[in-house]
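Subject: Structure for you to look at

Hello,

Here is the structure I promised to pass on. Please open it and keep it beside you while you read.

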Amino acid sequence: MEHITLLLAIVVVTALVFDFTNGFHDTANAMATTISTGALKPKTAVAMSAVLNLIGAFLSVEVAKTISGGIVNEDGLRTEVIFAALVGAILWNLLTWLLGLPSSSSHALFGGLIGAAVMSAGWSSINGGTVVTKVLLPAIAAPLVAGVAAMLATRLTYRINRNVTDPNQVKSTAKGYRAGQIASAGLVSLAHGTNDAQKTMGIITLALVTSGVLAPGSNPPMWVIVSAGVAIALGTYLGGWRIIRTMGKGLTDLQPPQGFAAQTSAATVILASSHLGFSLSTTQSCSGAVMGAGLGRKGGVVRWSTATRMFVAWGLTLPAAGLVGAAAEFLTKQGPWGITVTAILLVGGSFAIWLASRRQPVDHTNVNDADADDEPQGVVTTAMAAVQPPPVGVPASDLMTTTIAAPAAAPDDPARPTASV
Amino acid sequence: MKIDWAALASVFGVSLVVTVALVGLFTLGIVALSKLSATSGGAAGGGSAVLARTSAYACFAACTAAVAYGIYLIVA
């Protein structure tokens, strides 16, 4: 039974690594708008988000009972399958981070789990209907709901303060918007810590139960809660600067009132959806809210090419993580050597992605430079562009809003200098 | 496969109303408060200054209550 405890240890560590990637992947959700509008300094913002994530991890005692919420039949799920699923989710999270694309960490986890479970037990272990209701439909609904709400809210707030022209008054309202943004961003961070750290605790607990260390139905031990909270907070503090840049600057140019409207919309949608029983992805709600806020301001621009790339990534999340998960499960099925190979591949793959990211580092110093080379990832970008459908509507919307007749200048347009603010 | 359209619709409705109401209230609050610091005749007399301050605080109180309810939802 020696190798089972070793396997268990590997799964626990991998789950914590996933938690960590989840943290830095999702920092953008809470803090991108706050950072890009200058409400908080980048380092301050991620520190605040990290602390709130940590607090969130301890707030709720209700740990996720299932990893996938019924998508995958989790009875008799073997520990290797969980490991394979985590490998798929982590690699997809890292790849989308390298590309600076916000995508849902939960969907990556679902995808990995689906792939691994299918490889392990066949298609019958998947509940197809639940995939539609829990993944596909929310993926369409979340940005719509959050986007419409943010757009109307942006219109309203601009309308109310359109008569404010006195410089002192403007300064005073700016301070107000800043405070409002910080408050709603804090709420998003707290909700994220509660939801997503619980998810990792659920995974670890499930793995412990499956291997017989814990009795079924028992609560996670303290060390699980602490380590999951710390992992997600560390990830958040490290900051997924690439994704923050896409969300805060790449999709649209946000003014403080827009940032406030977007963040409030995102916080409301996340809380309303999880409370009313139709869970929507945090990432997708936030991205939608940012785009809605971009549309709500007169003269606001949404860069549809960046948005399209993001949508493509959302669409690919489930199948891509699924394929990696399935491949990983294929290997782990072969026995201890397969698990070793998978672990080596995971470490190697993560290291390669990290190396690739060093070629064009994005950190707190240049997170707000929209002018800088935004999509520097050479080969990967090309690959991604090949997947991406031709940007049909892009030139039109760009023309309309920038008034510069850039004849379809760059389909990869984030590199384009920002339009006048 | 059963799609819970009612839940989806209520998420949509609630999010829309709450977001717009909160942003509207908060904006009213900060605009009212900003009148106090206007350089030229923004708040004319003492009476309107008090009114502005009171209404601003009322707006902020409502927003704070909403945030508190949000935290309650997270914890519960």
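Below is what was found in it, starting with confidence and then moving through the chains.

The predictor gives the complex an ipTM of 0.86 and a pTM of 0.80. Chain A has a mean pLDDT of 80, and 84% of its residues reach 70 or more. One stretch of chain A needs care: residues 371-421 have a pLDDT below 50. That stretch still has 58 contacts in the model beyond near neighbours in sequence. Where pLDDT is low, the predicted coordinates should not be read in detail. For chain B the mean pLDDT is 81, and 86% of the residues reach 70 or more.

**Chain A as a whole**

Chain A has 421 residues, and 58% of them count as buried. What is its secondary structure made of, helices or strands? Chain A has 14 helices and zero strands. Now look at the contacts in chain A with a separation of 6 or more: 86% of them come from residues 24 or more positions apart.

**The core**

The largest nonpolar core holds 146 residues. Ile82(A), Val145(A), Ala149(A) and Ala228(A) have the most contacts inside it. Helix α1 of chain A, residues 2-36, gives the most to this core, with 16 residues.

Take Val145(A) as an example. Which residues does Val145(A) touch, leaving out those up to four places away in sequence? In chain A they are Val269(A) and Leu280(A). In chain B they are Val11(B), Phe12(B) and Ser15(B).

Start with α2 of chain A, residues 42-59. Its 18 residues should span 26 Å at 1.5 Å a residue, and its end C-alpha atoms are 26 Å apart, so the two agree.

Is Leu59(A) buried or exposed? Leu59(A) is buried, because 20 other C-beta atoms lie within 10 Å and 20 or more is the cut-off for buried. Leaving aside neighbours within four places in sequence, Leu59(A) is in contact with Thr194(A), Ile74(B) and Val75(B). The C-alpha atoms of Leu59(A) and Asp369(A) are separated by 36 Å, and these residues are 310 apart along the chain.

Next is α6(A). It has 44 residues and reaches 64 Å from first C-alpha to last, close to the 64 Å expected at 1.5 Å a residue. Of those 44 residues, 33 are buried, so α6(A) is largely enclosed by the rest of the structure. Gly212(A) follows α6(A), and its phi is positive, near 80°.

Then find α7 of chain A, residues 222-238, which contains Tyr237(A). Tyr237(A) has 19 other C-beta atoms within 10 Å, so it counts as partly exposed. Not counting residues up to four places away in sequence, Tyr237(A) touches Val46(A), Ala47(A) and Ala50(A).

How many of its 10 residues are buried? The count is 10 of the 10, so α8(A) is largely enclosed by the rest of the structure. The buried residues include Trp241(A), Arg242(A), Arg245(A) and Lys249(A).

**Chain B**

Chain B has 76 residues, and 34% of them count as buried. Its secondary structure comes to two helices and zero strands.

An unreviewed UniProt entry lists residues 7-34 and 54-75 of chain B as "transmembrane region". What does the model show there? Residues 7-34 of chain B are 100% helix and 0% strand, with end C-alpha atoms 40 Å apart. Residues 54-75 of chain B are also 100% helix and 0% strand, and their end C-alpha atoms lie 31 Å apart.

**Where the chains meet**

The contact takes 45 residues from chain A and 36 residues from chain B. On the chain A side, the elements giving two or more residues are α5 (128-160), α6 (167-210) and α9 (256-275). The chain A side divides into 26 nonpolar residues, 18 polar and one charged.

Best wishes

Note on methods. Residues are numbered from 1 along each chain as its sequence is written. Chains are lettered from A and ligands numbered from 1 in the order in which they are written. This is a predicted model: local features need pLDDT of at least 70, side-chain atom pairs count only at pLDDT 80 or more; totals for chains, interfaces and linings use all residues. A nonpolar core is a set of buried Ala, Val, Leu, Ile, Met, Phe, Trp, Tyr and Cys residues joined through C-beta atoms within 7 Å. A residue is buried if 20 or more other C-beta atoms lie within 10 Å of its own, exposed if 12 or fewer, and partly exposed in between; C-beta atoms are placed from the backbone. Helices (H or I, at least four residues) and strands (E, at least two) are DSSP runs, numbered from the N terminus. Two residues are in contact if their C-beta atoms, placed from the backbone, lie within 7 Å. The expected span of a helix is 1.5 Å times one less than its number of residues. UniProt positions are given in the numbering used here, feature names are shortened, and annotations may be inferred rather than shown by experiment. Ala, Val, Leu, Ile, Met, Phe, Trp, Tyr, Cys and Pro count as nonpolar, Asp, Glu, Lys and Arg as charged, and the others, Gly among them, as polar. pLDDT is the predictor's confidence in each residue, from 0 to 100.
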